[in-house]
Amino acid sequence: IAHALGKRIAAHTQNNRSIRSCIEAGIDSIEHGSDLDEATIALLKQRHIYLDMSPIHRLEAAGKQYASSQEVQWKKRRALYNLQVDSFKLAVKTGGVLWSAGSDVDYGPKTPTLTTELEKWVELGMSPREALVSATIANAALFDLPGLGTLEAGKTADIIGVRGNPLEHIEALEKIAMVMKDGRTIPLTIH
C-alpha cells in the first residue's frame, strides 16, 4: 500500500533472516542490518535497496561504558556491536552497496551527531567520499527529494561550509564555518 501511495518503506531489522524477508517483501531501505552475509549483500545490490547500518557509534559507546559488566543485556549489546562491525566491513569490502546515512537517535544537546556516525564508518573502512555521498546524494535519492543532495543550478541551496577538507578528514564536518538555507546565509550563534 505504501508504494501505491508513493511512499518509501524502511525496515528496522537486524538478523539475516528478517533482513532477507524484508528484501523479498520489497522494502526500500534496511536500517541497522547488523547480520549480513555475502548472499544478502548481493540481494540488496540486485534489488537496489539502501542500507543504513546506524547506530554503530552508539553500540560501541555502550559496549565501552559497560565493558566489564556481566549483565546479559550488555553481553548481548557487545555481541551485536561486533556482529554489526563485521557485517559493515563485509558490505564495504564487497562494494556496490547503496548506502544511506542516518543516526537512529533523537537529537538533544548531548546526542552524538550524524557526523559521529560517518566518522565511525570511515574508521571502519568506508572512504570519506562514500560517507559524504551516503548523507547527501544517496539520502536525497532514497527519499525522492530531487531538489536536494547535490550542488547544481536550480536546486535548493542548503549547504554548510566547513574548516578543512572532509574528503581528506571526515572530522572536518564538525567544524562548521558557514550555513546556507535556501540560498541565504544563516548567522552562526555560539552558545
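In which loop is His 48 found? His 48 sits in the loop between α2 and β3 (50–52). The model described here is predicted.

**Crossing of α2 and α4**

- Helix α2 spans residues 38–47 and helix α4 spans residues 72–94; their axes come within 10 Å and cross at roughly 55°.
- This angle makes α2 oblique to α4, because angles under 35 degrees would count as roughly parallel and those of 65 to 115 as roughly perpendicular.
- The crossing of α2 past α4 is right-handed.
- On the α2 side, the contact involves Glu 38, Ile 41 and Lys 45, which meet Leu 90, Ala 91 and Thr 94 of α4.
- By residue class, the contact of α2 with α4 comprises three nonpolar residues, one polar residue and two charged residues.

**Ser 87 in α4**

- Helix α4 also contains Ser 87.
- Ser 87 has a relative accessibility of 2% and therefore counts as buried, since the cut-off for that class is under 20%.
- A polar atom of the Ser 87 side chain lies 2.9 Å from the backbone nitrogen of Leu 36.
- When neighbours within four places in sequence are left aside, Ser 87 is in contact with Gly 33, Ser 34, Asp 35, Leu 36 and Met 53.

**Crossing of α5 and α6**

- The axes of helix α5 (residues 114–123) and helix α6 (residues 128–135) come within 9 Å, with a crossing angle of roughly 145°.
- α5 passes α6 in a right-handed crossing.
- From α5, the residues making the contact are Leu 114, Leu 118, Trp 121 and Val 122; from α6, they are Pro 128, Ala 131, Ser 134 and Ala 135.
- Seven of these contact residues are nonpolar and one is polar, while none is charged.

**Residues with positive phi**

- His 48 is not a glycine, yet it has a positive phi of about 60°.
- With a relative accessible area of 57%, His 48 is exposed, because the exposed class begins over 50%.
- Asp 144, likewise a residue other than glycine, has a positive phi near 55°.
- Asp 144 is located in the loop between α7 (137–142) and β5 (159–162).

Terms used. Residues are numbered from 1 along each chain as its sequence is written. This is a predicted model: local features need pLDDT of at least 70, side-chain atom pairs count only at pLDDT 80 or more; totals for chains, interfaces and linings use all residues. Side-chain values use heavy atoms; hydrogens and water are left out. Axes are lines fitted to C-alpha atoms, for helices over the stretch in contact, and angles run from 0 to 180 degrees between N-to-C directions. Helices (H or I, at least four residues) and strands (E, at least two) are DSSP runs, numbered from the N terminus. Angles under 35 degrees count as roughly parallel, over 145 as roughly antiparallel, 65 to 115 as roughly perpendicular and the rest as oblique. A crossing is left-handed if the near helix is turned anticlockwise from the far one by less than a right angle, and right-handed if clockwise. Contact means heavy atoms within 4.5 Å. Ala, Val, Leu, Ile, Met, Phe, Trp, Tyr, Cys and Pro count as nonpolar, Asp, Glu, Lys and Arg as charged, and the others, Gly among them, as polar. Buried means under 20% relative accessible area, exposed over 50%, partly exposed in between (1.4 Å probe, protein chains only). A polar contact is a pair of N or O atoms within 3.5 Å; within protein, one must be able to donate a hydrogen and the other to accept it, and residues adjacent in sequence count only if both atoms are side-chain atoms.
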